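Me: I have a structure here that is new to me, and I'd like to go through it with you piece by piece. Could you help me read it?

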Amino acid sequence: MRNSTLPLIWLISDERNDAELEATLKRLPRKSGFIYRHYHLPDPERWERFRELRRVAKAYGHTVILSDSAITAKEWGADGIYASPRSLWPRRAGLLHLATAHDLNELGLANRLGADAVLLSPIFATRSHPGGRVLGPSRFRLLASQSRVPVIALGGMTAQRARTLQWPRWAAIDGLSSPLLA
């Protein structure tokens, strides 16, 4: 996928936003991105829920990424995978590879192993990691400037924070799941 067609906004699934996912996918701008995690479900239910959400996402032109192996992503009909940089290797043709990164070492590894984009986090405090260390806007920008691939801001992101940060690509769990925050 070329940088120009990489979605700007990414919704990430989680147990806490599951009830709103269909409505949120319909509310997102067309051709946004959707990263399916749902680690809380056993495999058969996880697969079934993925199929339901993929159908809705595809109806709105969204890119669907699976947080799992490349083999599973191919079998399930995902557009790509989301994982730590090492888990993206070896690259699989036909899949978009999104890497997670939290520091310069992970960002460098994602660049060297050929990620198509990096989700750099956490920018701000999150419900996912209460009390955890955050990058903050300045450190985020410094790290992002070292990336050879597009950087997607993650961690406490909302539409307002993306505008304040002046960052075009961003992802959220809670920040997109409530109609008041989107």
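Me: Let's start with the aromatic residues: which ones form one cluster?
Reply: Phe-34, Tyr-36, Trp-47, Phe-50 and Trp-76 form one aromatic cluster. Rings of Phe, Tyr and Trp (its six-membered ring) count as a pair if their centres lie within 6.5 Å, and the planes are called stacked under 30 degrees apart, edge-to-face over 60 and tilted for the rest.

Me: And before I go on, what kind of model is it?
Reply: The model is predicted, so local features need pLDDT of at least 70 and side-chain atom pairs count only at pLDDT 80 or more, while totals for chains, interfaces and linings use all residues. Residues are numbered from 1 along each chain as its sequence is written, and side-chain values use heavy atoms, with hydrogens and water left out.

Me: How many aromatic pairs are there in the whole structure?
Reply: A search of the whole structure finds six. One of them is the stacked pair of Trp-47 and Phe-50, with 6.5 Å centre to centre and 25 degrees between the planes. Both residues lie in helix 2, three residues apart, which is about one turn of the helix; helices (H or I, at least four residues) and strands (E, at least two) are DSSP runs, numbered from the N terminus.

Me: What does Phe-50 form with Trp-76?
Reply: Phe-50 and Trp-76 form a tilted aromatic pair, 5.3 Å centre to centre with 45 degrees between the planes. This pair links distant parts of the chain, with Phe-50 in helix 2 and Trp-76 in helix 3 (residues 70-76), 26 residues apart. Both Phe-50 and Trp-76 are buried.

Me: OK, strands now. Which way do the residues of strand 3 point?
Reply: In strand 3 (residues 63-66), Thr-63 and Ile-65 point one way and Val-64 and Leu-66 the other way, and all are buried. Strand 3 pairs with strand 2 (residues 33-36) in the parallel sense over four bridges, where pairing requires that DSSP finds at least two bridges between two strands. Tyr-36 stands opposite Leu-66 in strand 3.

Me: Which residues touch the most other members of the largest nonpolar core?
Reply: Of its 45 residues, Phe-34, Phe-140 and Trp-170 do. The largest share of this core, four residues, comes from helix 2 (residues 43-59). Such a core is a set of buried Ala, Val, Leu, Ile, Met, Phe, Trp, Tyr and Cys residues joined through side-chain atoms within 4.5 Å.

Me: Changing topic, what do the buried residues of helix 4 pack against?
Reply: They pack against strand 5 (96-101), strand 6 (117-120) and helix 5 (136-144). The buried residues of helix 4 (residues 104-112) are Leu-107, Gly-108, Leu-109, Ala-110 and Asn-111. Just after helix 4, Gly-114 takes a positive phi of about 85 degrees.

Me: Last one: what does Thr-100 touch?
Reply: Not counting residues up to four places away in sequence, Thr-100 touches Tyr-82, Ala-83, Ser-84, Pro-85, Glu-106 and Leu-119, with contact meaning heavy atoms within 4.5 Å. Thr-100 lies in strand 5 and counts as buried because its relative accessibility is 15%.

Methods: Buried < 20%, exposed > 50% of the residue type's maximum accessible area, 1.4 Å probe, protein only.
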